[in-house]
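Here is a short report on one protein model. Keep the sequence and the structure in view while reading.

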Amino acid sequence: MSAQPAGASPVVVGGLRERLCDAAQAVITNEGWARVTMARLADEVGVSRQTVYNEIGTKNDLAEAVVLRELDRFLAGVVRSFDENPDDLVQAIRDSARRVLKYAQNNALLHAVVSATHGADTELLPLLTTHAESLLVAAKMVVGERLEGYDIDLEPDRLDASIDMVVRLVLSHVMQPSADPATTADDIAWVAEKVLG
């Protein structure tokens, strides 16, 4: 949680938070989560350790901030794909999946997360497990909001199940790719078309 003083400029605070997340991400991707400390981030960014705690909170809060920031980047591509295909739901899903998978391909933080899920960073794994449900909820919420603009003939509970299925399918390919992004996106779009009609 931010403990900025009243009247502080949000641009400065936002800049500090971004720099702290950037520094944390660099350590995570190069050395692992266990090497991330608030003192180290303070040194990297040139602020006091107390400033880091005031801006970010605990180390768990830092993990959440870094992961949610990355999720926002992934979801920005999803929003863009739907905005670019307002009249073609299947194409919007295809473009969304391709963008997410392409972004994931060379994402150093994601590779660190995947290695943690395979036991390489045992300290990071419980944090990822704790936040996995909220990440899934956030992704499903964004997709659900984008689908409101399309004419889909499904009952609300069936539509929710379909969104859940598509989001989980994309995320499974993010974590364990089986083909190139375009091919996988075509396959996901085909499945979505069958389910969504």
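## Overall make-up

In what order do the elements of the protein run from the N terminus on? The order is α-α-α-α-α-α-α-α-α. The secondary structure comes to 9 helices and 0 strands. The model is predicted.

The protein has 197 residues, and 42% of them count as buried. Its accessible surface comes to about 10800 Å². Carbon and sulfur atoms hold 54% of that surface. Take the contacts between residues at least 6 apart in sequence: 68% of these join residues at least 24 apart.

## Confidence

The mean pLDDT of the protein is 84. A value of 70 or more is reached by 83% of the residues. Over residues 1–13, pLDDT stays under 50. The model has 12 contacts beyond four places in sequence for that stretch. Where pLDDT is low, predicted coordinates should not be read in detail.

Helix α1 covers residues 10–31. Cys 21 has its place in this helix. Is Cys 21 buried or exposed? Its relative accessibility is 2%, so Cys 21 counts as buried. Setting aside neighbours within four places in sequence, Cys 21 is in contact with Ala 65, Val 66 and Arg 69. Cys 21 and Arg 69 lie 48 residues apart in sequence. Their C-alpha atoms are 8.4 Å apart in space.

Gln 25 is also found in α1. At 16% relative accessibility, Gln 25 counts as buried, because the cut-off is under 20%. Beyond residues up to four places away in sequence, Gln 25 touches Arg 69, Glu 70, Arg 73 and Leu 109. Ala 26 and Ala 108 are 82 residues apart along the chain. Their C-alpha atoms are separated by 8.8 Å.

## Helix α4

Helix α4 takes in residues 59–84. At 1.5 Å a residue, its 26 residues should span 38 Å. The end C-alpha atoms are 38 Å apart, which agrees.

What reaches the backbone nitrogen of Asn 60 at the start of α4? A side-chain oxygen of Thr 58 comes to within 3.3 Å of that nitrogen.

## Helix α9

Helix α9 spans residues 181–196, 16 residues in total. From first C-alpha to last, α9 reaches 21 Å, close to the 22 Å expected at 1.5 Å a residue. Which residues of α9 are buried? They are Pro 181, Thr 184, Ala 185, Ile 188, Ala 189, Ala 192 and Leu 196. These residues cover an arc of only 140 degrees around the axis, so they sit on the same side of α9. An α-helix has 3.6 residues a turn, so residues three or four places apart point the same way.

The buried residues of α9 pack against α5 (89–105) and α8 (156–175). On the other side of α9, Trp 190 and Lys 194 are exposed. Asp 180 caps the N-terminal end of α9. One of its side-chain oxygens lies 3.2 Å from the backbone nitrogen of Ala 182. Gly 197 follows α9, and its phi is positive, near 75 degrees.

Methods. Residues are numbered from 1 along each chain as its sequence is written. This is a predicted model: local features need pLDDT of at least 70, side-chain atom pairs count only at pLDDT 80 or more; totals for chains, interfaces and linings use all residues. Side-chain values use heavy atoms; hydrogens and water are left out. Helices (H or I, at least four residues) and strands (E, at least two) are DSSP runs, numbered from the N terminus. The expected span of a helix is 1.5 Å times one less than its number of residues. Buried means under 20% relative accessible area, exposed over 50%, partly exposed in between (1.4 Å probe, protein chains only). The arc is that of the directions from the helix axis to the C-beta atoms. Contact means heavy atoms within 4.5 Å. A polar contact is a pair of N or O atoms within 3.5 Å; within protein, one must be able to donate a hydrogen and the other to accept it, and residues adjacent in sequence count only if both atoms are side-chain atoms. Accessible areas come from the Shrake-Rupley method with a 1.4 Å probe; for residues, only the protein chains shown count as cover. pLDDT is the predictor's confidence in each residue, from 0 to 100.
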